[in-house]
Amino acid sequence: MKFIIHYWRNPSGKAPVEKYIDAIDNKEERADILAALKGVQQYGTDAVGIEFRQIEGKLWELKIRTHGNQHRIFYVVLVGNEMFLLHAYLKKTPRATLNEIVTAKQRMKQLMEERK
């Protein structure tokens, strides 16, 4: 299944995941992440170089490895194939830190309330 990717936006209109990607200094690394997201749009869960992992309930995580770094993007799929990117971070520990998951859950809850 192909996905339509949306960036979750806070009430002021800013998209934290988009900001995270734009802040990556290495242009090639940034391009690799954007290419990986394009692969998700075109090939869904069959996209090359990306792992999908369920965190809890509707909250999932994209694992993107590039240039020796491990980027994680939390997302939720709501209606049909609409994927909302909620939160991103650079993984430095073996497990996702609790505050990263809490941030993603808060954004997911807010999104679901808005979409009712």
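Predicted model: local features only at pLDDT ≥ 70, side-chain atom pairs only at ≥ 80, totals over all residues.
In helix H2, the residues Glu29, Ile33, Ala36, Leu37, Gly39 and Val40 are buried. Seen down the axis of H2, these buried residues fall within an arc of 150 degrees, so they line one face of the helix. Lys27 and Glu28, on the other side of H2, are exposed.

Now look at where H2 begins: a side-chain oxygen of Asn26 comes to within 2.9 Å of the backbone nitrogen of Glu28. Just after H2 you will find Gly44, with a positive phi of about 65 degrees.

What do the buried residues of H2 pack against? Their partners are strand E1 (4-7), helix H1 and strands E2, E3, E4 and E5.

That brings us to the inside of the protein. The largest nonpolar core has 20 residues, and those touching the most other members are Leu37, Val40, Ile50, Leu62, Ile73, Met83 and Leu85. Two or more residues of this core come from each of helix H1 (16-22), helix H2 (27-43), strand E2 (50-56), strand E3 (59-66), strand E4 (69-77) and strand E5 (82-91). H2 gives the largest share, four residues. Val40 lets you see this packing up close: leaving aside residues up to four places away in sequence, Val40 touches Lys2, Phe3, Ile5, Ala47, Ile50, Phe52, Leu62 and Met83. Apart from this core lies another one, of twelve residues, including Phe84, Leu86, Tyr89 and Ile101.

Next, find His71, which sits in strand E4. Is His71 buried or exposed? Its relative accessibility is 3%, and because buried means under 20%, His71 counts as buried. The side chain of His71 makes a polar contact, at 2.6 Å, with the side chain of Glu29, and Glu29 is one of the buried residues of H2. Not counting residues up to four places away in sequence, His71 touches Tyr20, Ile24, Glu29, Ile33, Leu62, Lys63, Ile64, Thr66, Tyr89 and Leu90.

For a contrast, move to Gln106 in helix H3 (residues 98-114). The relative accessibility of Gln106 is 51%, and because exposed means over 50%, Gln106 counts as exposed. Gln106 and Leu86 lie 20 residues apart in sequence, with 9.2 Å between their C-alpha atoms in space.

Finally, step back to see the whole chain. How many helices and strands does the chain have? There are three helices and five strands, and along the sequence they follow the pattern β-α-α-β-β-β-β-α. The C-alpha trace spans about 40 × 30 × 25 Å along its principal axes. A compact globule of 116 residues would have a radius of gyration near 13 Å, and the chain has 13 Å, so the chain agrees with that expectation. Of the 116 residues, 41% are buried. Among contacts with a separation of 6 or more, 46% are between residues 24 or more positions apart.

Notes
Residues numbered from 1 in each chain as written. Heavy atoms only, no water. Core = buried A, V, L, I, M, F, W, Y, C linked by side-chain atoms within 4.5 Å. Buried < 20%, exposed > 50% of the residue type's maximum accessible area, 1.4 Å probe, protein only. Contact = heavy atoms within 4.5 Å. Polar contact = N/O pair within 3.5 Å; in protein donor to acceptor, adjacent residues only side chain to side chain. Arc of directions from axis to C-beta. Rg over C-alpha atoms; globule rule 2.2 N^0.38 Å.
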